[in-house]
Amino acid sequence: MELRQLTYFVAVAEELHFGRAAERLHIVQSAVSQQIQRLERELRAELFDRTPRRVRLTSAGERLLPEARAVLAAAEKARAAVAPPPGLRIGTGTRPGRHLDRALAAFAERLPDVPVELVVLPAEERLGKVAGGQLDAAFVRAAEPPPGVRVLPLWADPLMAALPAAHPLAARAEIDLIELAGLPLALTPRRTNPALVDLVVDACRRAGFEPLPGPVSGFLQDTLAAVGVRPLWTVVYASHARVLHSSRVAFVPFRTPGLALFTGLAVPAADPTPYLDALVLACADR
């Protein structure tokens, strides 16, 4: 007796139709009929009363059905006992940064057997995939969640100025935003990160100047490469600045208050991952 035969038997018993059972099992009807016949020969009993108009269980089939279901359930339980735990799919931006690195390390300490897959996507796509179930969670900054998604606040990400290393301001311990008024500002396109662009531009206006437009790039490395060879400035998250290394670019903290975005964890509003509590605690441990 094979598990496959019991699987086919249960499908026919529940559908009471060989054709529908075959469709449910995604196989041809003849294969279902052959396996049922082999099972009947082995058990030396007819399991179905077949007529051109209907199929129904015999008394032997009725007695076998609960036992077959129990065997299949036990087999599934045995598979689950040795199967690797499901992984955790987390959406993130192009560069995770120090905070996320530490949070993932803390999560691995708590649940070392749970694999984590980082999926790099723009913020809007991250939120969409959390809503659609393709991601278990996503790290986002200042994002408005779509229906079915909630955002748990985690930490603040202060911004730093990125300047040419040869610029006089690069040697300062801190700078005021107004001191950058004469330099063009190189930022990502607003559609890529509207929260960041709006924060920086609004802060410049509150400081008393309209930022001079500089080159626009969707990739931080390209922007930093331009800053390293031209009189430009841009902003980077402090957590990123600590892992970025360039002899041509200096990272200087702002004295101007309020230049920070909050990072949150976007998760499904219903049926979140069973690892959510461990992930949130890991983020707190960062």
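**Nonpolar cores and secondary-structure elements of the predicted model**

The largest nonpolar core comprises 26 residues, and those with the most contacts inside it are Leu159, Leu177, Leu180, Val200, Trp233 and Phe254. Strand 6, helix 7 (194-207) and strand 9 are the elements that give two or more residues to this core. Helix 7 supplies the largest share, eight residues. The model examined here is a predicted one. Leu180, one of the core residues with the most contacts, is in contact with Ala161, Leu163, Leu169, Ile175, Trp233 and Phe254 when its neighbours within four places in sequence are left aside. Apart from this core lies another, of 21 residues, which includes Val12, Phe48, Leu57 and Leu65.

Strand 6 (residues 149-164) and strand 9 run antiparallel and are joined by four bridges. Within strand 9, Val235 stands opposite Ala161. In a regular strand, side chains alternate between the two faces of the sheet. Strand 9 (residues 234-237) is covered on both faces: Thr234 and Val236 are buried on one side, and Val235 and Tyr237 are buried on the other.

Helix 4 (residues 59-82) contains 24 residues and reaches 36 Å from its first C-alpha to its last, close to the 34 Å expected at 1.5 Å a residue. A bend of about 30° occurs at Leu65, and a proline, Pro66, follows within four residues. Leu65, which belongs to the core of 21 residues, is also among the buried residues of helix 4, together with Ala60, Gly61, Leu64, Ala68 and Ala75. The cover over the buried residues of this helix includes helix 1 (3-15), helix 3 (29-43) and strand 2 (55-57).

Leu276 lies in helix 10 (residues 276-285). Leu276 is classed as buried because its relative accessibility is 7%, under the 20% cut-off. Not counting residues up to four places away in sequence, Leu276 touches Arg150, Leu152, Leu265 and Val267.

The structure holds zero disulfides. Cys204 has a relative accessible area of 0% and is therefore buried. Cys283, with a relative accessibility of 3%, likewise counts as buried.

Notes: Residues are numbered from 1 along each chain as its sequence is written. This is a predicted model: local features need pLDDT of at least 70, side-chain atom pairs count only at pLDDT 80 or more; totals for chains, interfaces and linings use all residues. Side-chain values use heavy atoms; hydrogens and water are left out. Buried means under 20% relative accessible area, exposed over 50%, partly exposed in between (1.4 Å probe, protein chains only). Two strands pair if DSSP finds at least two bridges between them. A disulfide is a pair of cysteine sulfur atoms within 2.5 Å. The expected span of a helix is 1.5 Å times one less than its number of residues. The bend at a residue is the angle between axes fitted to the seven residues ending there and the seven starting there. Contact means heavy atoms within 4.5 Å. A nonpolar core is a set of buried Ala, Val, Leu, Ile, Met, Phe, Trp, Tyr and Cys residues joined through side-chain atoms within 4.5 Å.
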